[in-house]
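Me: Please take a close look at the helical part of this model. One connected account is enough.

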Amino acid sequence: MSEIAEALAEAVSDACERYPSPTGLADGSEWNAQLWSALDQIGITLLSVPEEQGGSGGDVHAAATVLRVLGQHWASVPLAETALQAAWLLGACHAPIPEGPMAAAAAGGHFALVRESDGWVADGELIRVPWARIADHLVVLTASHVAVFRRDELEIDPGTNVAGEPRDRVVVRRVSLPADRVHVVPEDSGIDQGLFIARGALARMAMLAGAAQRSLEMSLTYASEREQFGRSLDKFQSVQHQIAEMAGEVLLCKTVAESAAMALDDGEGWQLAISAGKVTAAEAAGNVARIAHQIHGAIGFTEEHDLRQCTTRIWSWRDECGAARNWAEEVGALTVAAGADGVWSLLSGGA
């Protein structure tokens with residue numbers, strides 16, 4: 001990690017400790033507005049968006065570093081959706097970036113954006129939109145346009161993931177949008193729904209790495225404090241093996257997230273890095289969650305214990321922005337497309 005990234009991670013970690021996210025039974029009704037304000041003051045809520053386009057600069061790798069810290073603290077803020085997706089889309093379109101938290105979504109078959117008179121009309125629905133109910137604006141990517149909605153223009157049906165984070169159904173009932181809130185995606189930008197989803201998957205990888213790290217730390221602490229048969233759990237060889245396995249899986253999560261982030265920054269070879277990384281991170285973090293609960297026993301599943309704050313997010317994030325099976329199929333498709341003569345070039349990034 002570079003000195004800048006290390007300093008950034010330390011500042012974000014300090015903010016998370018000063019403004020901890022709720023630890024009670026999550027139902028998606030709370031978000032950490034104080035932490036968001038602190039992150040905004042640090043200047044990272046628009047991280048990875050160039051300064052000349054209204055952002056705070058930095059690259060995707062820096063954003064992934066911050067997201068790993070936020071995952072470690074189960075931070076209830078929509079940084080991934082705001083910085084890596086919504087603001088990125090608007091910045092690429094050279095459009096104004098509004099203040100405040102944003103949600104982002106890719107339009108599916110049940111959403112239409114049609115030109116009418118001097119403006120546009122949007123109609124349809126979007127499912128499982130992260131943080132829609134608290135976002136000041138929703139940014140929607142269609143095949144060729146980016147549309148910006150205010151929250152008061154939307155009907156929101158609340159929903160949550162397993163961790164209780166907002167994953168809402170958004171209904172758009174013939175909302176009229178002025179021309180200055182619908183932007184054409186530049187042809188040379190490379191932006192499409194695949195890249196949009198890939199950036200969301202990268203965010204989940206980084207947050208999985210953070211949640212896995214925190215699960216390991218909790219397990220180390222619990223194993224050193226909990227005694228059985230007159231000695232602490234960490235003195236048992238079987239538990240030591242479990243903790244060692246966890247540590248390896250945590251490092252794997254961190255490594256694939258960093259590799260995928262650098263591939264997105266380079267703009268080349270990111271398809272394989274994201275696809276293989278999401279598969280690997282999902283499996284590795286899942287193993288961490290499983291072992292953490294084995295070490296903690298029944299207490300780790302209770303509402304009062306913080307371990308569930310990490311493991312329920314691991315179980316949620318590993319399936320968001322494409323489940324491991326879908327990304328594994330993408331790895332297979334890329335390999336087949338490369339052919340026997342192109343596999344090495346695919347794996348080595350053309351080296």
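Reply: A helix here is a DSSP run of H or I with at least four residues, numbered from the N terminus. The model is a predicted one.

Take helix α7, residues 270-296, to begin with. At 1.5 Å a residue, its 27 residues should span 39 Å, and the end C-alpha atoms lie 37 Å apart, which agrees. Buried means under 20% relative accessible area. Of the 27 residues of α7, 20 are buried, so the rest of the structure largely encloses this helix. G297 follows α7 and has a positive phi, near 75 degrees.

Helix α6 covers residues 237-266, 30 residues in number. From its first C-alpha to its last, α6 reaches 44 Å, close to the expected 44 Å. Just after α6 comes G267, with a positive phi of about 80 degrees.

Helix α5, residues 193-225, contains L216. At a relative accessible area of 8%, L216 is buried. Leaving aside residues up to four places away in sequence, L216 touches I243, M246, A247 and V250. L307 is 91 residues from L216 in sequence, while their C-alpha atoms are 9.7 Å apart.

The axes of α3 (residues 60-72) and α4 (residues 79-92) come within 11 Å and cross at roughly 170 degrees. Angles over 145 degrees count as roughly antiparallel, and α3 and α4 are therefore roughly antiparallel to each other. On the α3 side the contact involves V60, A63, V66, L67 and L70, which meet L79, A80 and L84 of α4. By class, this contact has eight nonpolar residues, with no polar and no charged ones.

Key. Residues are numbered from 1 along each chain as its sequence is written. This is a predicted model: local features need pLDDT of at least 70, side-chain atom pairs count only at pLDDT 80 or more; totals for chains, interfaces and linings use all residues. Side-chain values use heavy atoms; hydrogens and water are left out. Axes are lines fitted to C-alpha atoms, for helices over the stretch in contact, and angles run from 0 to 180 degrees between N-to-C directions. Helices (H or I, at least four residues) and strands (E, at least two) are DSSP runs, numbered from the N terminus. Angles under 35 degrees count as roughly parallel, over 145 as roughly antiparallel, 65 to 115 as roughly perpendicular and the rest as oblique. Contact means heavy atoms within 4.5 Å. Ala, Val, Leu, Ile, Met, Phe, Trp, Tyr, Cys and Pro count as nonpolar, Asp, Glu, Lys and Arg as charged, and the others, Gly among them, as polar. The expected span of a helix is 1.5 Å times one less than its number of residues. Buried means under 20% relative accessible area, exposed over 50%, partly exposed in between (1.4 Å probe, protein chains only).
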